[in-house]
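Please view the sequence and model before reading the points below.

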Amino acid sequence: MKFDTVIIGGGLAGLVAGISLQRKGQNTAIVSTGQNALHFFSGSFESLQEAPPEMHSLFEEAGIRLHYREGVRLMPLGTFRPSCLSLEDISLFPSEKFARKVLVVNFMGYHDFFSSFLAEGLEKQGMQCRIRFLNLPELEKLEQSPSEMRSVQIARTMDRIWEKVVQEVRILLKDEDAVLLPQVFGLQDTSVPGRIKQGIPAQVVFCGTLPPSVPGIRTQMLLKRRYEVLGGTYLMGDEALEAHVHDGVVHSIRTKNLDSHYLEGSHFILASGGFFSKGLRSNPFSIYEPVFGLDVEYNPDRNAWYDKAFAADQPYMGYGVKTDAQLHALADGIPLKNLYAIGSILGQTHPELGSAAGLAIRSALEVSAQIKK
Amino acid sequence: MNANEFDVIIIGGGITGAGTQRDCAMRGLRTLLVERSDIATGATGRNHGLLHSGARYAVNDPESARECIEENMILRRIAAHCIDETDGLFITLPEDDLAYQARFVEACKNAGIAAEVIDPAEARRLEPAVNPELIGAVKVPDGSVDPFRLCAANMLDAKLHGGQVRLYTEVTGFIREGNTLKGIHTRNLQSGEEADYYAPLIVNAGGIWGHHIAEMAGVQIGMYPAKGALLIFAHRVNNVVINRCRKPSNADILVPGDTVCVIGTTSTHIPFEECDNVAVTPDEVNLLITEGVKLAPSLSSTRILRAYAGVRPLVSADNDPTGRNISRGIVCLDHEERDGLKGLITITGGKLMTYRLMAETATDLVCKKLGVDKACETATTPLPGSEESSYEAVAQKIWETPSTAQKAMASRLGTRASRIRTDNPYDRALICECEEVSVGEINAAIERMDVSTLTDLRRRTRIGMGTCQGEFCACRAASLLAKAHACVEKERADLADFLNERWKGNYPISWGDTLREAEYTQWVYKHVLGL
């Protein structure tokens, strides 16, 4: 099977690169293991404020609305972080004290939304809080099974009964000028968060839960749908195993499902992620890139990989595949002419491209532009 | 009698202290136990969790071997819910001297340990994970024991007999009249509150920290801190304990426990200053892996879950401050007789296996001094939760058709599982999915088992001990603790401490899946949840 570009990795970086190339008329394929960082996406594009011009229209066409305002956003454990470019349903406030009184609404038996931490965090900023638990018969089926009360399962139910939540919140609402709800709305129907905001006569704020992240899964779904509408081939649940490289040029890759039907391409993009997504692997002696055997920038002393403080910046998170300035990946010190690395597999080797979601977007768009040059 | 007056005060909340308190309380004494940290934070919770048959000591330390096998049989009866009767193998590898086996078996027989030489092929059938190259094998009655559960059950029984427990309470000094100790000055390390307690007898059961306790009272015990490092693997690779049949050495015991297995140990003399914060070094990790793979080759491809280390409270013989002739035997010091200091007894040396005998020895001395004539019953009275021998039978009696989560709970709590609320879905909801710990069990532990922090909760319920190392359950459980203690702010700091403590056991082995899990956890807490 031959494509203009073969992309390894179906997370944010891989999908954005794929859509961008399809928009420019290329025929591409994405090989995705199904496991990527969008599953724990906060909904905010770290290290981005304004969307690059192409990103804005690309997301708009996929049905994903973005916004930015200078200020702060509320984190699930009740702390605040500086704003960055965010999905429309992530609230951004000019300052921490975004309301006078806040009604924090949780579901009975739901432990993945930290209402007491949130209330304490808001009270610290001078907002009065009242926590109330909704007891919805529709969630009873989930409650019966001890591990079913999780974000995605609740979100599936909420797609059906969100109007009931609006009614219940309206009944509970006294003189509060803001309502805080868990981010379990609009998994399939993206209009739901907006309609909830219209239905409740107070400022409605959605705040994150333990992963999986509902906005992250929704984003993944919408981008994938858009990619396929544009004619891209998304190979779900497949995995790149090895590459065939001659004279500094990648000819094809072999995948787990397609086996001897090699995926050939004029260009290849490696967007297979960091350690979690298995783009980078490690053993006691080395950190390596498993598909192409690319050069990885890391400290050979394994005791230098970590900081002993859990919360410190961890050196291993900065490690990544080595590239040249155009993001061609290096093998044995020599750039492969038609292989590019994007997203978290770069670690912090290109600080000018930002980190996390910002890095994914910037590097994906830059490589897409290179390929179409 | 004043509320601050007791018959006996026990210093130390490890297994020795808890066992001594139980024994004293069962003999009708009014007891107080003080511990400056949580239960089982020293050597008690930092070992293999091996229910020794005594075979390991048979050749070199026959007295310890005999004590081990006797206590082994007693613990099977009184602590059923803390014990897994796995049996054990002592294997001889091609690089070992097979002649040692005969000497070993003879010594076991002399100590009263049922040691049976079996064919290597039989050993491979009994334990498929064993190194197939073995040239000899001996079967012995080893097992595994959960030291946290054992310690908690002893303390619980002491409380059921009227004992009082003060955790996070440090002894800051002794109340003294001439050559007699009358009581202790204490300070609560969480609230800062100071209090004095009085008793005619004080038992020093502080493990390696007992050295300083004795010093504070003006007497010397020559303790010898020996650090031992261990690794936990994420699967239960073996179902039978695997030992090397040779003179005790590094990393030659592999013990299955719950869903994991543990390889250890090393032995390094360390200064007293390091006892509070022992870290596992890269060399120790390498040694444990290299030697462990010789016992069970599949360990080389098994994920390592954690690295940890403990400090053995060894005691030098009285006239041997160099530490050359150190036995694992029990040391009970009557400081009145030894040093002319009335009111203080030190119980130390020994090991997890012989804790009950240590407690009996100390309590006998306490009773003698107080003129109490009551026999010890701890060898025959089951610990709370251990009234039935099979947790599956327990689970079936309580729920008829128990779920896997209910069975897991019965295996942790024994018959006490019947007290956990499971009648409504909110109590059944799982907080920790790896270990299947429910809201009901966590709330019960918080209510009844002196839980201040998430780490305390882990020692009593196993939350955060599974493959995810607390990734998801930590913040869920933190919400429950915040509610129970009505303080979110403290809980926020506690959550950070808990994650730091989990990371401490992960970073020495941070590669492969451990690094993968760590990246996920660190990213989620920092950038997604905003801790």
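A salt bridge is a side-chain nitrogen of Lys or Arg within 4 Å of a carboxyl oxygen of Asp or Glu. The model is predicted, so that local features need pLDDT of at least 70 and side-chain atom pairs count only at pLDDT 80 or more, while totals for chains, interfaces and linings use all residues. Residues are numbered from 1 along each chain as its sequence is written, chains are lettered from A and ligands numbered from 1 in the order written, and side-chain values use heavy atoms, without hydrogens and water.

**Chain B with chain A**

- Contact (heavy atoms within 4.5 Å) involves 47 residues from chain B and 51 residues from chain A.
- The two chains bury about 4,700 Å² between them, 61% of it on carbon and sulfur atoms; buried area is the accessible area (1.4 Å probe) that two parts lose on being put together, summed over both.
- In chain B, Tyr426(B), Arg492(B) and Arg516(B) lose the most area to chain A, together 15% of what that side buries.
- Four salt bridges are counted between chain B and chain A.
- One salt bridge joins the side chains of Arg150(A) and Glu433(B), at 3.4 Å from N to O.

**Domains 1 and 2 of chain B**

- An automatic or database domain assignment divides chain B into domain 1 (8-43 + 148-221 + 318-370), domain 2 (82-144 + 224-315) and domain 3 (420-529).
- The centres of domain 1 and domain 2 of chain B, taken over C-alpha atoms, are 30 Å apart.
- Two salt bridges are counted between these domains.
- Arg36(B) and Asp276(B) meet through their side chains in a salt bridge of 2.7 Å, N to O.
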